[in-house]
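Colleague: Could you take a close look at one part of this model for me, the place where the helices pack against each other? I would be glad of a connected account that I can follow with the structure open.

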Amino acid sequence: MWWCSLNNELRVNMGEKAHQSEFAERVSSILNAKYDHKPRAFVHTYGCQGNVSDSERIKGLLWQMGYEFTDNAENADLVLFNTCAVREHAEDRVFGNVGALKPIKEQRRDMIIALCGCMMQQPHIAEKIKRSYPYVNLVFGTYQAHRLPEMLYRVLQGKRVFENAEEKGKIVEGLPVYRDRSFKSWLPVMYGCDNFCSYCIVPYVRGRERSRKSEDIIAEARELVENGAKDITLLGQNVNSYGKGLDENINFAELLKKINDIPGDFVIRFMTSHPKDCSKELLDAMADCEKVEKHLHLPFQSGNNRILHEMNRKYTRDTYIELINYAKSRMPGLAITSDVIVGFPGETEEEFEDTLSLIREVEFTSLFTFIYSPREGTVAAKMPDPVTHKEKAARMQRLLDLQEQIAAKRTAKMVGKVYRVLVEEADEKGILTGRTQDNIAILFEGSDNLLGSFCNVTVTEAMSWIVKGKICQ
Ligand code: SAM
Ligand code: SF4
């Protein structure tokens with residue numbers, strides 16, 4: 001299932017948009033003449049929801065140029081990887097997958113291979129691709145995606161194209177968006193990050209924070225709801241600082257209220273929040289807006305103040321816990337999820353134990369856990385790091401065991417209760433997957449016509465991370 005739309009034409013940077021539309025038409029005629037079938041694109045996305053959302057816009061442009069989409073890279077006419085640079089592991093996978101395309105490209109010389117996203121924004125990576133992967137046709141960074149028609153046109157003229165210049169402060173509205181599912185949608189509210197956490201590459205590859213105008217966001221949200229969206233996630237690296245630098249006087253709490261006021265049966269989520277900018281005003285807005293799911297994703301990264309300081313996080317363990325306690329008091333039953341890094345340079349056993357004690361105190365619904373990965377160009381990459389990877393992996397296992405016990409305690413309490421869930425997946429065996437308001441997956445039997453609709457489900461059995469249930473008649 002898919003749909004494609006052009007959002008909010010009036011807000012478009014018309015010069016750029018018209019320029020790219022012209023190239024889109026040229027590409028489309030070249031592709032028509034070149035293939036006796038509709039050209040097929042394989043688009044694979046690595047990393048976070050921000051990348052998934054960018055890929056929806058890239059796919060919108062490809063669709064506009066006449067491409068259809070395939071899940072099989074081997075028979076694709078265009079293979080595009082939208083890459084992630086947050087950890088070394090993600091980068092290694094990209095290099096591995098690009099390497100695997102070499103024999104296919106040798107058989108099919110006119111296959112176009114394109115790489116984009118955060119990894120490609122790093123000059124040393126773009127250089128490595130240029131030198132060591134001569135069969136890659138197109139490389140572009142995070143600022144250039146809207147120029148895809150023009151870049152593809154040059155590739156079709158036989159050129160090898162590398163474009164990863166930084167373009168400060170630019171947001172191009174009005175790009176077509178291709179969504180695989182109409183009922184669950186990502187909606188970016190801002191781009192970039194100004195925080196420079198010492199371990200993180202994001203500010204270097206995504207640039208400074210820039211917010212979309214609220215009227216553009218609200219127009220897109222309305223359009224999503226009109227097209228059947230039931231679950232809208234507002235996206236940004238730090239949504240709490242939404243509004244900075246805009247001419248209008250608005251913050252994220254006010255934006256949330258405006259989206260909550262859009263008529264329709266849908267729910268609103270948002271990520272990610274930074275504890276230093278997460279205000280009580282925002283938590284109050286969350287509590288008061290009936291469409292906002294009572295689920296807060298608030299990354300803490302470490303439970304130790306010295307490590308938090310070294311990470312440049314600008315909050316302490318106590319201020320984090322104070323926020324959590326306030327949020328729990330305003331929203332009883334609130335689901336809290338978080339990101340945590342194990343093995344930051346110089347983290348001692350005692351400092352790691354502070355992370356475990358914070359996890360015990362907050363009782364997170366679930367955690368995204370990462371072993372620290374040095375990123376070239378960041379401050380932390382230059383810090384001494386005496387702890388071995390083996391020791392870091394052992395700490396990670398202890399953390400996962402603890403979190404599993406906490407999650408199991410929570411899911412056990414769900415048995416016998418009824419939850420309203422949005423059906424998000426259906427498999428061929430007739431098992432549906434829905435998510436509770438607090439983001440726990442419930443598996444239950446039912447017809448796939450229920451996909452994209454809300455159902456009431458009684459929980460019958462708890463596992464550690466997920467539960468099983470039965471539709472209420
Ligand atoms: N902006 C979000 C925030 O501040 O919470 C998160 C964005 S980042 C893409 C997602 C998560 O990746 C971070 O919260 C952090 O836990 C993890 N991460 C970022 N850089 C990392 C690194 N160098 N090594 C390990 N994990 C990292
Ligand atoms: Fe990275 Fe920190 Fe920005 Fe999140 S807030 S994207 S962790 S620099």
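Modeller: Happy to, and please keep in mind that this is a predicted model. Let us start with helix α9 (residues 252-260) and helix α10 (residues 280-288), whose axes come within 8 Å and cross at roughly 15 degrees. An angle under 35 degrees counts as roughly parallel, and α9 and α10 are therefore roughly parallel to each other. Their crossing is left-handed. On the α9 side, the contact is made by Phe 252, Ala 253, Glu 254, Leu 256 and Lys 257, and these meet Glu 281, Leu 282 and Ala 285 of α10. Sorted by class, the residues of this contact are five nonpolar and three charged, with no polar ones.

Now stay with α10 and turn to its other partner in this account, helix α12 (residues 317-330). Here the axes come within 10 Å and cross at roughly 25 degrees, so α10 and α12 are also described as roughly parallel to each other. The crossing of α10 and α12 is right-handed, whereas that of α9 and α10 is left-handed. To find the contact on screen, pick out Lys 280, Leu 283, Asp 284, Ala 287 and Asp 288 of α10, then Glu 322, Leu 323, Tyr 326, Ala 327 and Arg 330 of α12. This contact has five nonpolar and five charged residues, and again no polar ones.

Thr 272 lies in the loop between β13 (267-271) and α10, and the peptide bond from Met 271 to Thr 272 is cis, with omega near 5 degrees. Another backbone detail to check is Gln 301, which has a positive phi of about 70 degrees although it is not a glycine. You will find Gln 301 in the loop between β14 (295-297) and α11 (305-310).

While you are in this stretch of the sequence, have a look at ligand 2. The residues around it include His 274 and Arg 313, along with Gln 237 and a group made up of Cys 193, Asn 195, Phe 196, Cys 197, Tyr 199, Cys 200, Val 202 and Pro 203. By class, that shell has seven nonpolar, three polar and one charged residues.

One is an open sheet of six strands in the order β3-β2-β4-β5-β6-β7, with parallel pairing. β3 (68-69) and β7 (161-163) stand at its edges with a single partner strand each, so one side of each has no neighbour in the sheet. Strand β6 (residues 138-140) is joined to β7 by three bridges, and the two run parallel; within this pair, Phe 140 has Glu 163 of β7 as its bridge partner. Helix α6 (residues 148-156) lies across β4 (78-83), β5 (112-117), β6 and β7, running at about 155 degrees to β6.

The other sheet is a barrel, closed by five strands in the order β17-β18-β19-β21-β20 with mixed pairing. Its neighbouring strands are turned by 50 degrees against each other on average, direction ignored. Strand β19 (residues 441-445) runs parallel to strand β21 (residues 467-471), and three bridges join them. A handy landmark there is Ile 442, which stands opposite Val 467 in β21.

Technical notes
Residues numbered from 1 in each chain as written. Chains lettered and ligands numbered in written order. Predicted model: local features only at pLDDT ≥ 70, side-chain atom pairs only at ≥ 80, totals over all residues. Heavy atoms only, no water. Pairing = 2+ DSSP bridges. Helix = DSSP H or I, 4+ residues; strand = E, 2+ residues; numbered from the N terminus. Axes fitted to C-alpha atoms, helices over the stretch in contact; angles between N-to-C directions. Parallel < 35°, antiparallel > 145°, perpendicular 65-115°, else oblique. Left-handed = near helix turned anticlockwise from the far one by under 90°. Contact = heavy atoms within 4.5 Å. Nonpolar A, V, L, I, M, F, W, Y, C, P; charged D, E, K, R; others polar. Near = heavy atom within 4 Å.
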